[in-house]
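Reader: I have a new structure open and I'd like to walk through it. Can we take it step by step?

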Amino acid sequence: MNYPFFSLMIPLFAGYSVYQILTQTADFIIINKSPGISVHKDQGDEGLTMLLQRQLELDEIFLIHRLDKVTSGVMVFAKNRETAADLSMQFQNREVEKFYLAVSANKPKRKQGLVCGDMEKSRRGSWKLLRSKINPAMTQFVSVAMKPGFRLFLLKPSTGKTHQIRVALKSEGAPILGDNMYGGEEADRTYLHAYQLAFTLNEERYIFRALPTDGVHFDHQFSTLVESSFSQPEMENWPKLPSVKC
């Protein structure tokens, strides 16, 4: 089956870098979110959802899922209640396929694997991974050498816990570059990006993919490495998920 694939990123306004529209249909909008903006209203600033609704002059817009303020990447917003209900149920049932890219300046314990465990709130808004597995967060990952001192990760979370990927990489000894909350080395941004999103709507399969546009280390060399190593993330030899709770 040939799935629709959209890779062209078109700025909504010249020089406006908060988001870029990948595509828009009668039912949904796909954007490439920049880092540094919250999906909700943040300390008096207009949130991404409100911004989209106002700038696109829509009567309604529905937030389906979330990315952390520091995270960039592909997001879907629904334009009507029916689509919102359908996509929300797919996210809830873990039927939406999500892939992330991350960079670390630390050597991981493993080059690939599965991070699995319960998570609980820690200090100052952070989370921590537990050894228990009652309702675990599960994150599969593979990685390749990027450039001297840096490693590129492709991650596939099968659950959607808060800060799940950030905590997973910290547990592997490789906190994300720029992620001060979890011990990452200082950088111009947190190097975590939602790379690909796939879902089915009205019996049609959609796959949306976008590279990051902000970040000193998200450069041409990075893009070339992603294209050569992770151009088809769904085809990677992913670590096996447990048939029961890990």
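Reader: Let's start with one residue. Is Arg124 buried or exposed?

Author: Arg124 is exposed, because its relative accessible area is 82% and the cut-off for exposed is over 50%. Keep in mind that this is a predicted model.

Reader: Where does Arg124 sit?

Author: In the loop between β9 (119–121) and β10. Arg124 has a positive phi of about 55°, although it is not a glycine.

Reader: Why point that out?

Author: Most residues other than glycine have a negative phi.

Reader: Okay. What phi does Glu57 have?

Author: Glu57 has a positive phi of about 55°, and it is not a glycine either.

Reader: Is Glu57 buried or exposed?

Author: Exposed. Its relative accessible area is 72%.

Reader: You mentioned α1. Which residues of α1 are buried?

Author: Helix α1 covers residues 48–55, and its buried residues are Leu48, Thr49, Leu51, Leu52 and Gln55. They cover an arc of only 165° around the axis, so they sit on the same side of α1.

Reader: And what do the buried residues of α1 pack against?

Author: Strands. They pack against β3 (19–24), β4 (28–33), β5 and β6.

Reader: Let's move to α2. How many residues does it have?

Author: Helix α2 has 12 residues, 81–92. From first C-alpha to last it reaches 16 Å, close to the 16 Å expected at 1.5 Å a residue.

Reader: Which residues of α2 are buried?

Author: Thr83, Ala84, Leu87, Gln90 and Phe91. Seen down the axis of α2, these buried residues fall within an arc of 130°, so they line one face of the helix.

Reader: What covers them?

Author: The cover for the buried residues of α2 includes β5 (62–63), β6 (72–78), β7 (97–104) and β13 (192–201).

Reader: Which exposed residues are on the face turned away from the buried side of α2?

Author: Arg81, Glu82 and Gln92.

Reader: What about the ends of α2? Which residue caps the N-terminal end?

Author: Asn80 does. One of its side-chain oxygens lies 3.4 Å from the backbone nitrogen of Glu82. Past the other end, just after α2, Arg94 takes a positive phi of about 60°.

Reader: New topic. Where is His163?

Author: His163 lies in the loop between β12 (150–157) and α3 (164–171).

Reader: Buried or exposed, that His163?

Author: Buried. Its relative accessible area is 12%, and buried means under 20%.

Reader: Which residues is His163 in contact with?

Author: Leave aside its neighbours within four places in sequence. Then His163 is in contact with Asp68, Met119, Gly125, Trp127, Met181 and Tyr182.

Reader: And Asn135? Where is that one?

Author: Asn135 is in the loop between β10 (127–129) and β11 (137–147). At 41% relative accessibility, it counts as partly exposed.

Reader: How far apart are Asn135 and Gly117?

Author: In sequence, 18 residues. In space, 7.6 Å from C-alpha to C-alpha.

Reader: Now Phe208. Which strand holds it?

Author: Phe208 is in β14, which runs over residues 204–209. Phe208 is buried, with a relative accessible area of 0%.

Reader: How far is Phe208 from Glu60?

Author: Their C-alpha atoms are separated by 23 Å. Along the chain, the two are 148 residues apart.

Reader: Zoom out for me. How many helices and strands are there?

Author: The chain has 4 helices and 14 strands.

Reader: What does the chain span?

Author: Its C-alpha trace spans about 50 × 40 × 40 Å along the principal axes.

Reader: What share of the residues is buried?

Author: 49% of the 246 residues.

Reader: And the contacts? What share join residues at least 24 apart?

Author: 63%, counted among contacts between residues at least 6 apart in sequence.

Note on methods:
Residues numbered from 1 in each chain as written. Predicted model: local features only at pLDDT ≥ 70, side-chain atom pairs only at ≥ 80, totals over all residues. Heavy atoms only, no water. Helix = DSSP H or I, 4+ residues; strand = E, 2+ residues; numbered from the N terminus. Expected span 1.5 Å × (residues − 1). Buried < 20%, exposed > 50% of the residue type's maximum accessible area, 1.4 Å probe, protein only. Arc of directions from axis to C-beta. Contact = heavy atoms within 4.5 Å. Polar contact = N/O pair within 3.5 Å; in protein donor to acceptor, adjacent residues only side chain to side chain.
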